[in-house]
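Have a look at the sequence and the 3D view below. This report starts with chain A, then turns to chain B.

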Amino acid sequence: MRAKVHVFLKPGVLDVQGKAVEQALHGLGWGGVEHVRVGKTIEFDLKAGDRAAAEAEVKAMCEKLLANTVIESYRVELA
Amino acid sequence: MKAAVIVFPGSNCDRDCKVAIERSTGASVGMVWHGDTALPDGVDLVVLPGGFSYGDYLRCGAMAALSPIMAEVKAAAERGVATVGICNGFQVLCEMGMLPGALLRNERLKYVCKPVELEVTNSQTRFTAGYKGRRQAVMTVGNGEGNFFADEPTLDRLEGEGQVVFRYLDNPNGSARDIAGIVNARGNVLGLMPHPDRAFEAELGSADGAILFQSALASA
């Protein structure tokens, strides 16, 4: 099973990279761009019995290492 | 008196810390590799130094927080041993949950490296007792992710309980409420972004950092 974990700063936590990218896009003429957030994606293969087991495992990985839940939220995709 | 400095792959202030502690306190300082599983017997002070542990991969301090030695550091802190995290060491302590909050990218996205003036907000901790009459100290910061963040109730609690130990007089990185250093509720774990290890004798521009190491060991 292939897992994709998307990690972003939580809403309300200032994303200074997102702000800088937003200003750069405005500078290039895309004035309609708003609320840019820069995050990261972590992908990996995972041996797991079934989807529910995989979900539980990836969630545990996020809580323990992949995200710092003081400042970040995460979203998991399994395929 | 015995101190230990933890060395992670990518630490770059570990030797600075050793020299700073030795010269300011006369204590013997052991260097402890991150892969070790024991601290020296009878250690009075554990220091997590600045640097770029594990190349800052994933998040600053995230990998170092999982190093084998850190379970022992946490256990020692729970026994009451004085523990100081400086810069990257502060990030590690937050990642481990030994201190509340987290360090974000600096507000203006720049790495900031310069001497800063600090207010000694609480001089009644075991790390700051030596500052008693003095309300200010000068130390150097050097960080790209030193922007302290915690949610509002946590910030209120830190302030209300006297856990804010140092504040910036001129905030260099956007830190919430100008916070430069905090202690845990018990008062034996300190994290700060400025480097006392770069300010321990007058030739470095300031000797104010020496007081921190002296206080920490005097309290042991």
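How many bridges join strand β1 of chain A to strand β2 of chain A, and do these strands run parallel or antiparallel? Six bridges join them, and the two strands run antiparallel. Strand β1(A) covers residues 2-9, and strand β2(A) covers residues 40-45. Keep in mind that this is a predicted model.

**The sheet of chain A**

Strand β1(A) has another partner. Seven bridges join β1(A) to strand β3 of chain A, residues 72-78, and this pair is antiparallel too. Together, the three strands of chain A make an open sheet in the order β2-β1-β3, with antiparallel pairing. Strands β2(A) and β3(A) stand at the edges. Each has a single partner strand, so one side of each is left without a neighbour in the sheet. Neighbouring strands of this sheet are turned by 20° against each other on average, ignoring direction. What holds such strands together? Strands of a sheet pair through backbone hydrogen bonds, and the pairing can be parallel or antiparallel.

| Residue | Opposite residue | Strand of the opposite residue |
|---|---|---|
| A3(A) | F44(A) | β2(A) |
| V7(A) | K40(A) | β2(A) |
| H6(A) | R75(A) | β3(A) |

**The layout of chain A**

Now step back to the whole chain. Chain A has two helices and three strands. Starting at the N terminus, its elements run β-α-β-α-β. Helix α2(A), residues 51-66, lies across β1, β2 and β3 of chain A. This helix runs at about 155° to β3(A).

What are the overall dimensions of the chain? The C-alpha trace of chain A spans about 50 × 25 × 15 Å along its principal axes. Its radius of gyration is 16 Å, while a compact globule of 79 residues would have one near 12 Å. Of the 79 residues in chain A, 13% are buried. Look at the contacts between residues at least 6 apart in sequence: 65% of them join residues at least 24 apart.

**One residue of chain A**

Pick out E43(A), which sits in strand β2 of chain A. Is E43(A) buried or exposed? E43(A) has 10 C-beta neighbours inside 10 Å, so it counts as exposed. Leaving out residues up to four places away in sequence, E43(A) touches R2(A), A3(A) and K4(A). Compare L28(A), which is 15 residues from E43(A) along the chain. The C-alpha atoms of these two residues are separated by 31 Å.

**Where the chains meet**

Chain A touches chain B. The contact takes eight residues from chain A and 10 residues from chain B. On the side of chain A, the largest share comes from helix α1(A), residues 16-27, with three residues. What kinds of residues make up this side of chain A? Six are nonpolar, two are polar and none is charged.

Start with helix α3(B), residues 88-95. How many of its residues are buried? Eight of the eight are buried, so this helix is largely enclosed by the rest of the structure. They are N88(B), G89(B), F90(B), Q91(B), V92(B), L93(B), C94(B) and E95(B). These buried residues pack against four strands of chain B: β3 (45-48), β4 (82-86), β5 (102-104) and β11 (189-192). Just after α3(B) comes G97(B), with a positive phi of about 80°.

Next, take helix α2(B), residues 68-78. Its buried residues include I69(B), M70(B) and V73(B). Why do the buried residues of α2(B) line one face of the helix? Seen down the helix axis, they fall within an arc of 100°, so they line one face. On the other side of α2(B), P68(B), A71(B) and A75(B) are exposed. The cover over the buried residues of α2(B) includes β1 (2-7), β2 (28-33), β3 and β4 of chain B. After α2(B) comes G80(B), whose phi is positive, near 105°.

Technical notes:
Residues numbered from 1 in each chain as written. Chains lettered and ligands numbered in written order. Predicted model: local features only at pLDDT ≥ 70, side-chain atom pairs only at ≥ 80, totals over all residues. Rg over C-alpha atoms; globule rule 2.2 N^0.38 Å. Buried ≥ 20, exposed ≤ 12 C-beta atoms within 10 Å, placed from the backbone. Contact = placed C-beta atoms within 7 Å. Pairing = 2+ DSSP bridges. Nonpolar A, V, L, I, M, F, W, Y, C, P; charged D, E, K, R; others polar. Arc of directions from axis to C-beta. Axes fitted to C-alpha atoms, helices over the stretch in contact; angles between N-to-C directions.
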